[in-house]
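Here is a friendly walk through a two-chain model, written for a reader who likes to keep the structure open alongside the text. Please have a look at it before reading on.

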Amino acid sequence: MKEMTVEARGENVRVLTDWADAELERLECPLKAQMQIDLAIDEIFTNIASYAYAPGTGSATVTMDYDAESGMFSLTFCDSGVPYNPLQKEDPDVNLPAEERSIGGLGIFLVKKTMDDMRYEYRDGQNILTLMKKIS
Amino acid sequence: MTITKKENGKALEIALEGRLDTMTAPELENELHTSLENADSLVLDFAKLNYISSAGLRVLLSAHKIMSGKGGMKVTNVNEIVREVFDVTGFSDILTIE
(Lines give C-alpha, C1' and ligand atoms only; values in the text may rest on other atoms or scores of the structure.)
Protein backbone atom coordinates (compact mmCIF):
# COMPACT_ATOMS: atom_id res chain seq x y z
CA MET A 1 0.00 0.00 0.00
CA LYS A 2 1.27 3.46 -0.87
CA GLU A 3 0.12 6.74 0.56
CA MET A 4 0.51 10.39 -0.37
CA THR A 5 -0.79 13.51 1.33
CA VAL A 6 -1.11 16.69 -0.69
CA GLU A 7 -2.73 20.05 -0.25
CA ALA A 8 -6.21 20.00 -1.76
CA ARG A 9 -5.39 22.36 -4.62
CA GLY A 10 -6.23 21.84 -8.29
CA GLU A 11 -2.64 21.82 -9.52
CA ASN A 12 -1.88 18.76 -7.37
CA VAL A 13 -3.99 16.62 -9.72
CA ARG A 14 -0.84 16.28 -11.81
CA VAL A 15 1.26 15.25 -8.80
CA LEU A 16 -1.24 12.48 -8.01
CA THR A 17 -1.66 11.21 -11.57
CA ASP A 18 2.14 11.08 -12.05
CA TRP A 19 2.42 9.14 -8.80
CA ALA A 20 -0.35 6.70 -9.77
CA ASP A 21 0.99 6.34 -13.34
CA ALA A 22 4.41 5.24 -12.07
CA GLU A 23 2.75 2.55 -9.96
CA LEU A 24 0.34 1.48 -12.71
CA GLU A 25 3.20 1.18 -15.20
CA ARG A 26 5.09 -0.97 -12.71
CA LEU A 27 1.99 -3.18 -12.43
CA GLU A 28 1.82 -3.36 -16.23
CA CYS A 29 -1.68 -1.95 -16.20
CA PRO A 30 -3.28 -1.72 -19.69
CA LEU A 31 -3.14 1.82 -21.07
CA LYS A 32 -6.90 2.18 -21.29
CA ALA A 33 -7.42 1.33 -17.62
CA GLN A 34 -4.56 3.65 -16.67
CA MET A 35 -6.16 6.55 -18.55
CA GLN A 36 -9.51 5.82 -16.88
CA ILE A 37 -7.87 5.84 -13.46
CA ASP A 38 -6.10 9.13 -14.28
CA LEU A 39 -9.43 10.55 -15.37
CA ALA A 40 -11.03 9.41 -12.10
CA ILE A 41 -8.26 11.09 -10.10
CA ASP A 42 -8.83 14.29 -12.05
CA GLU A 43 -12.57 14.28 -11.36
CA ILE A 44 -12.48 13.22 -7.72
CA PHE A 45 -9.54 15.29 -6.60
CA THR A 46 -10.78 18.39 -8.45
CA ASN A 47 -14.05 18.07 -6.53
CA ILE A 48 -12.18 17.84 -3.22
CA ALA A 49 -9.95 20.79 -4.16
CA SER A 50 -12.95 22.90 -5.17
CA TYR A 51 -15.48 22.12 -2.45
CA ALA A 52 -14.18 20.19 0.56
CA TYR A 53 -12.59 23.09 2.40
CA ALA A 54 -14.02 26.11 0.60
CA PRO A 55 -13.44 28.93 1.28
CA GLY A 56 -10.45 27.68 3.34
CA THR A 57 -7.81 25.12 2.51
CA GLY A 58 -6.86 21.67 3.73
CA SER A 59 -5.20 18.48 2.67
CA ALA A 60 -6.18 15.15 1.18
CA THR A 61 -4.55 11.78 1.64
CA VAL A 62 -4.64 9.27 -1.17
CA THR A 63 -3.72 5.63 -0.76
CA MET A 64 -3.36 3.08 -3.51
CA ASP A 65 -3.33 -0.64 -3.21
CA TYR A 66 -3.24 -3.62 -5.55
CA ASP A 67 -4.53 -7.09 -4.90
CA ALA A 68 -2.62 -9.42 -7.22
CA GLU A 69 -5.04 -12.27 -6.73
CA SER A 70 -8.16 -10.41 -7.88
CA GLY A 71 -6.28 -7.99 -10.16
CA MET A 72 -8.09 -5.15 -8.38
CA PHE A 73 -6.42 -1.76 -8.03
CA SER A 74 -7.90 0.53 -5.40
CA LEU A 75 -7.54 4.22 -4.75
CA THR A 76 -8.83 5.82 -1.56
CA PHE A 77 -9.31 9.56 -1.12
CA CYS A 78 -9.58 10.91 2.44
CA ASP A 79 -10.29 14.51 3.35
CA SER A 80 -11.58 16.13 6.50
CA GLY A 81 -13.69 18.72 4.72
CA VAL A 82 -17.45 19.12 4.63
CA PRO A 83 -19.24 15.72 4.53
CA TYR A 84 -20.07 14.87 0.94
CA ASN A 85 -21.13 11.56 -0.56
CA PRO A 86 -20.67 11.78 -4.34
CA LEU A 87 -22.47 8.44 -4.80
CA GLN A 88 -25.71 10.07 -3.68
CA LYS A 89 -25.54 12.61 -6.45
CA GLU A 90 -28.23 12.03 -9.01
CA ASP A 91 -26.99 10.94 -12.43
CA PRO A 92 -27.32 13.62 -15.11
CA ASP A 93 -29.76 13.11 -17.97
CA VAL A 94 -27.41 12.15 -20.79
CA ASN A 95 -30.16 12.17 -23.39
CA LEU A 96 -30.88 15.89 -23.38
CA PRO A 97 -30.06 17.92 -26.49
CA ALA A 98 -27.07 20.29 -26.35
CA GLU A 99 -29.15 23.42 -25.68
CA GLU A 100 -30.61 21.95 -22.50
CA ARG A 101 -27.45 20.38 -21.20
CA SER A 102 -25.99 21.51 -17.94
CA ILE A 103 -22.63 20.00 -17.34
CA GLY A 104 -22.80 19.55 -13.57
CA GLY A 105 -22.48 16.04 -12.24
CA LEU A 106 -20.89 14.65 -15.38
CA GLY A 107 -17.53 14.14 -13.70
CA ILE A 108 -18.78 11.84 -10.94
CA PHE A 109 -21.01 10.09 -13.45
CA LEU A 110 -18.01 9.36 -15.67
CA VAL A 111 -16.10 7.93 -12.73
CA LYS A 112 -19.05 5.70 -11.81
CA LYS A 113 -19.23 4.44 -15.37
CA THR A 114 -15.54 3.69 -15.80
CA MET A 115 -14.63 2.21 -12.40
CA ASP A 116 -15.71 -1.28 -11.35
CA ASP A 117 -16.81 -0.25 -7.87
CA MET A 118 -17.03 2.85 -5.65
CA ARG A 119 -17.56 3.05 -1.90
CA TYR A 120 -18.09 6.00 0.37
CA GLU A 121 -18.10 6.33 4.12
CA TYR A 122 -17.88 9.20 6.56
CA ARG A 123 -15.81 8.15 9.53
CA ASP A 124 -13.97 10.06 12.29
CA GLY A 125 -14.71 13.38 10.60
CA GLN A 126 -13.38 12.18 7.26
CA ASN A 127 -14.82 11.62 3.82
CA ILE A 128 -13.42 8.30 2.64
CA LEU A 129 -14.05 7.48 -0.99
CA THR A 130 -12.65 4.29 -2.50
CA LEU A 131 -12.49 3.56 -6.22
CA MET A 132 -11.81 0.06 -7.50
CA LYS A 133 -10.67 -0.87 -10.98
CA LYS A 134 -9.74 -4.28 -12.26
CA ILE A 135 -6.44 -3.91 -14.12
CA SER A 136 -5.52 -7.52 -14.83
CA MET B 1 -1.40 19.58 -23.70
CA THR B 2 -0.28 21.06 -27.02
CA ILE B 3 -2.68 23.08 -29.16
CA THR B 4 -1.89 23.35 -32.87
CA LYS B 5 -3.97 25.75 -34.89
CA LYS B 6 -4.46 25.79 -38.67
CA GLU B 7 -6.51 28.46 -40.36
CA ASN B 8 -7.70 28.15 -43.93
CA GLY B 9 -9.74 31.25 -44.60
CA LYS B 10 -12.59 30.98 -42.15
CA ALA B 11 -12.15 27.24 -41.64
CA LEU B 12 -10.37 26.62 -38.37
CA GLU B 13 -8.71 23.37 -37.45
CA ILE B 14 -7.33 22.72 -34.00
CA ALA B 15 -5.29 19.65 -33.15
CA LEU B 16 -4.87 18.67 -29.51
CA GLU B 17 -2.08 16.56 -28.11
CA GLY B 18 -1.95 15.18 -24.56
CA ARG B 19 -4.69 15.44 -21.95
CA LEU B 20 -7.72 17.66 -21.99
CA ASP B 21 -8.42 17.78 -18.26
CA THR B 22 -9.11 20.20 -15.42
CA MET B 23 -5.66 21.77 -15.73
CA THR B 24 -5.56 22.15 -19.50
CA ALA B 25 -9.22 22.81 -20.39
CA PRO B 26 -8.84 26.56 -19.65
CA GLU B 27 -6.04 26.75 -22.28
CA LEU B 28 -8.40 25.42 -24.94
CA GLU B 29 -11.18 27.66 -23.71
CA ASN B 30 -8.94 30.74 -24.07
CA GLU B 31 -7.78 29.67 -27.51
CA LEU B 32 -11.34 29.14 -28.72
CA HIS B 33 -12.50 32.38 -27.15
CA THR B 34 -10.17 34.35 -29.43
CA SER B 35 -10.16 32.09 -32.51
CA LEU B 36 -13.85 31.32 -32.93
CA GLU B 37 -14.78 34.92 -33.49
CA ASN B 38 -13.41 34.82 -37.03
CA ALA B 39 -14.19 31.18 -37.80
CA ASP B 40 -17.12 29.81 -39.78
CA SER B 41 -16.34 26.19 -39.12
CA LEU B 42 -14.27 24.24 -36.63
CA VAL B 43 -12.58 20.87 -36.83
CA LEU B 44 -11.05 19.45 -33.66
CA ASP B 45 -8.47 16.79 -34.42
CA PHE B 46 -8.13 14.40 -31.46
CA ALA B 47 -5.64 11.99 -33.08
CA LYS B 48 -3.07 12.68 -30.37
CA LEU B 49 -5.43 13.37 -27.51
CA ASN B 50 -5.07 10.76 -24.75
CA TYR B 51 -8.13 11.54 -22.70
CA ILE B 52 -10.80 14.05 -21.87
CA SER B 53 -12.33 14.85 -18.48
CA SER B 54 -15.61 16.59 -17.63
CA ALA B 55 -13.79 19.95 -17.70
CA GLY B 56 -12.89 19.23 -21.33
CA LEU B 57 -16.48 18.22 -22.12
CA ARG B 58 -17.65 21.56 -20.77
CA VAL B 59 -15.40 23.43 -23.23
CA LEU B 60 -16.53 21.23 -26.14
CA LEU B 61 -20.18 21.83 -25.31
CA SER B 62 -19.78 25.59 -25.28
CA ALA B 63 -17.79 25.53 -28.56
CA HIS B 64 -20.48 23.32 -30.08
CA LYS B 65 -23.16 25.83 -29.08
CA ILE B 66 -21.22 28.75 -30.57
CA MET B 67 -20.50 26.90 -33.82
CA SER B 68 -23.99 25.48 -34.31
CA GLY B 69 -25.07 29.02 -35.16
CA LYS B 70 -22.38 29.08 -37.87
CA GLY B 71 -20.87 26.36 -40.06
CA GLY B 72 -20.72 23.74 -37.33
CA MET B 73 -18.07 21.83 -35.42
CA LYS B 74 -16.61 18.42 -36.11
CA VAL B 75 -14.47 16.18 -33.94
CA THR B 76 -12.14 13.79 -35.76
CA ASN B 77 -9.79 10.88 -35.00
CA VAL B 78 -11.22 10.07 -31.58
CA ASN B 79 -9.44 7.26 -29.71
CA GLU B 80 -11.17 4.48 -27.79
CA ILE B 81 -10.93 6.15 -24.37
CA VAL B 82 -12.30 9.48 -25.56
CA ARG B 83 -14.99 7.65 -27.55
CA GLU B 84 -16.14 5.85 -24.41
CA VAL B 85 -16.37 9.15 -22.52
CA PHE B 86 -18.49 10.58 -25.36
CA ASP B 87 -20.70 7.49 -25.39
CA VAL B 88 -21.47 7.27 -21.67
CA THR B 89 -22.13 11.01 -21.36
CA GLY B 90 -24.37 11.14 -24.43
CA PHE B 91 -21.94 13.51 -26.16
CA SER B 92 -21.85 11.06 -29.09
CA ASP B 93 -25.41 12.16 -29.87
CA ILE B 94 -24.66 15.87 -29.53
CA LEU B 95 -21.35 16.22 -31.34
CA THR B 96 -20.53 15.46 -34.95
CA ILE B 97 -17.81 12.84 -34.68
CA GLU B 98 -15.98 11.54 -37.74
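A word on conventions comes before the tour. This is a predicted model, in which local features need pLDDT of at least 70 and side-chain atom pairs count only at pLDDT 80 or more, while totals for chains, interfaces and linings use all residues. Residues are numbered from 1 along each chain as its sequence is written, and chains are lettered from A and ligands numbered from 1 in the order in which they are written.

**The sheet of chain A**

Let us start with the strands. Helices (H or I, at least four residues) and strands (E, at least two) are DSSP runs, numbered from the N terminus. Two strands pair if DSSP finds at least two bridges between them. In chain A, five strands make an open sheet with antiparallel pairing, in the order β1-β2-β3-β5-β4. The edges are held by β1 (2-7) and β4 (117-123) of chain A, each with a single partner strand, so one side of each has no neighbour in the sheet. On average, and with direction ignored, neighbouring strands of this sheet are turned by 15° against each other. Such angles run from 0 to 180 degrees between N-to-C directions, and axes are lines fitted to C-alpha atoms, for helices over the stretch in contact.

| Strands | Bridges | Sense | A residue pair |
|---|---|---|---|
| β1(A) and β2(A) (59-67) | six bridges | antiparallel | A:T5 and A:T61 |
| β3(A) and β5(A) | eight bridges | antiparallel | A:M72 and A:K134 |
| β4(A) and β5(A) | seven bridges | antiparallel | A:Y122 and A:N127 |

β4(A) and β5(A) also form a hairpin with two residues between them, and A:D124 in the turn has a positive phi of about 50°.

How do the side chains along β5(A) point? In a regular strand the side chains alternate between the two faces of the sheet. Along β5(A), A:N127, A:L129, A:L131 and A:K133 point to one face and are buried.

**The helices of chain A**

α2(A) lies across β2, β3 (72-79) and β5 (126-134) of chain A, at about 10° to β3(A). The axes of α1(A) and α2(A) come within 10 Å and cross at roughly 150°. The two helices are therefore roughly antiparallel to each other, a term for angles over 145 degrees, with under 35 counted as roughly parallel, 65 to 115 as roughly perpendicular and the rest as oblique.

Residues that bring these helices into contact (C-beta atoms, placed from the backbone, within 7 Å) include A:V13, A:L16 and A:A20 of α1(A) and A:I37, A:I41 and A:F45 of α2(A). By class, this contact has seven nonpolar, three polar and three charged residues. Ala, Val, Leu, Ile, Met, Phe, Trp, Tyr, Cys and Pro count as nonpolar, Asp, Glu, Lys and Arg as charged, and the others, Gly among them, as polar.

α2(A) and α3(A) pack at about 145°, with their axes 9 Å apart. Among the residues that meet are A:L39, A:A40 and A:I44 in α2(A) and A:I108, A:L110 and A:V111 in α3(A). The residues of this contact divide into six nonpolar, four polar and one charged.

**Chain B**

The open sheet of chain B has five strands in the order β1-β2-β3-β4-β5, with mixed pairing. Its edge strands are β1 (2-8) and β5 (96-97) of chain B, each pairing on one side only. β1(B) pairs with β2(B) (residues 11-20) in the antiparallel sense over seven bridges, and B:I3 has B:L16 as its bridge partner in β2(B).

Helix α1(B) (residues 25-35) lies across β1 and β2 of chain B, at about 15° to β1(B). Helix α2(B) (residues 54-68) packs on the sheet and touches β2, β3 (41-52) and β4 (73-76) of chain B, its direction making about 170° with that of β3(B).

B:A55 lies in helix α2 of chain B. Is B:A55 buried or exposed? B:A55 counts as buried because it has 23 C-beta neighbours inside 10 Å. Leaving aside neighbours within four places in sequence, B:A55 is in contact with B:D21, B:T22 and B:A25.

**Where the chains meet**

Between the chains, 21 residues of chain A are in contact with 19 residues of chain B. On the chain A side, α1 (12-26), α2 (31-52) and α3 (106-114) each give two or more residues. The largest share, eight residues, comes from α2(A). By class, this side of chain A has eight nonpolar, five polar and eight charged residues.

Definitions and conventions
Contact = placed C-beta atoms within 7 Å. Buried ≥ 20, exposed ≤ 12 C-beta atoms within 10 Å, placed from the backbone.
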